[in-house]
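Open the structure in your viewer and keep the selection tool at hand. The stops below follow one another.

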Amino acid sequence: MARLSDPTARAAHRCAFQLYGTAASELDDVIADLLASLERPFTEVSTGPILTVVVGDGTGP
């Protein structure tokens with residue numbers, strides 16, 4: 001990234017890295033919750049996080 005001379009391209013790359021980092025962190029949390037749910041008896045009702053797929057920019061229906 002340091003080799004990019006265009007500040008706009010550098011900012012875009014930095015933003016992408018931040019988004020990937022956030023997504024990876026959230027996936028780690030979801031995976032930890034799923035693994036913890038496997039350790040509980042199956043008679044319990046899961047109240048863990050629900051994964052939501054967002055298509056587009058999230059502003060429309």
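Start by selecting Asp28, which lies in helix α1 (residues 7-39); helices are DSSP runs of H or I with at least four residues, numbered from the N terminus. This is a predicted model, where local features need pLDDT of at least 70, side-chain atom pairs count only at pLDDT 80 or more, and totals for chains, interfaces and linings use all residues. Residues are numbered from 1 along each chain as its sequence is written, and side-chain values use heavy atoms, without hydrogens and water.

Asp28 is exposed, with a relative accessible area of 51%; exposed means over 50%, buried under 20%, and partly exposed in between (1.4 Å probe, protein chains only).

Now show the whole protein. Its secondary structure comes to one helix and zero strands, a strand being a DSSP run of E with at least two residues. Of the 61 residues in the protein, 2% are buried.

Finally, select Leu35, which also lies in helix α1.
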